[in-house]
Amino acid sequence: MGVSYAVGLPNVGEFGDPRTLLELAVAAEESGWHGVFVWDHVLYHQPDWPVANSIVVLSAIAARTQRIRLAPLMTALPRRRVQVVAREIATLDVLSGGRTIFGAGLGSMDREYAAFGENASLRARARRLDASLSVLADLWAGEAVSRGDPVPVEQVSMRPTPVQQPRPPIWCAGRWPATAGFRRAAAWDGVLPTHTDYGRGTIMPAGTLGEIRDLIATRRSGMQGFDIALEGRTEPATATETIRPYVRGGLTWWVEAMGWWRGGVREAWARILAGPPDSP
């Protein structure tokens, strides 16, 4: 499996203007990138920052592009109604001609739950995430679905189904060294790991990525058809050298993370227009 290169865009702050996100995405396709992935937030730590709706933005990008893969990364699925997400992602996959990847996680902000009366406990979120993923997969396959608590569904099937069958790829988040997210991801189609000791502007060691790959491979009995995506920062002149050790660790998607911490929209334009790295 070769390496693909995506642009990762926040949907908050100066990136909270949907028109800016759309134009950056169109430029990414024209500059040779393989994907555009957009954050999924409804609130942010800075309460006065604008926040764009990720699915509306991705739909606009789908209508203006032909080739790039599109994803909300990561959808805080436990705070979403599964029937709405099922319709949104199926519709986006049809609109884009089968280019959607669905990313899901617990969400990084307790306030996005608690401020709207939702249960913010990690245990409740994890239980709802697992149940919601199971329901989504069955709905996207066109099956009649019935489930009980915590995601009740009573004899429902949905049309249209996504273009991609049995479903769009499902990637899950994991935060190393905790392993629960990686055990969950192993049951699906991909993972986007982060690390408690490495934040924006830094990248986990390549050896750690290899440990994550080995954990997932053991639970899956191999890595066939499974993606490992990693967010990070490269400079055009040294990008290939930066990424090479991560490819040895199992990387299949490099996500070039844009944001206010690396020069904002202005720097995002410059890095996108410079194009993706050459394959290591």
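**Note on salt bridges in the predicted model**

1. Arg271 has a relative accessibility of 2% and therefore counts as buried, the cut-off for that class being under 20%.

2. Arg271 forms a salt bridge with Glu256, and the closest N and O atoms of the two are 3.6 Å apart. Since Arg271 belongs to helix H9 (residues 264–274) while Glu256 belongs to strand S11 (residues 253–257), the pair ties together parts that are 15 residues apart in sequence.

3. Glu256 is itself buried, with a relative accessible area of 0%, and its side chain also meets that of Arg262 in a salt bridge, at 2.9 Å from N to O. Arg262 is likewise buried, its relative accessible area being 4%.

4. Through salt bridges that share partners, Glu256, Arg262, Glu267 and Arg271 are joined into one network.

5. A further salt bridge brings together the side chains of Asp130 and Arg184, with an N to O distance of 2.6 Å. Asp130 is found in helix H5 (residues 122–140) and Arg184 in helix H6 (residues 180–185), so this pair ties together parts that are 54 residues apart in sequence. Of these two residues, Asp130 is partly exposed, at 39% relative accessible area, whereas Arg184 counts as buried at 12% relative accessibility.

6. For the model as a whole, the count comes to 16 salt bridges, where the rule requires a side-chain nitrogen of Lys or Arg within 4 Å of a carboxyl oxygen of Asp or Glu.

How values were computed:
Residues are numbered from 1 along each chain as its sequence is written. This is a predicted model: local features need pLDDT of at least 70, side-chain atom pairs count only at pLDDT 80 or more; totals for chains, interfaces and linings use all residues. Side-chain values use heavy atoms; hydrogens and water are left out. Helices (H or I, at least four residues) and strands (E, at least two) are DSSP runs, numbered from the N terminus. Buried means under 20% relative accessible area, exposed over 50%, partly exposed in between (1.4 Å probe, protein chains only).
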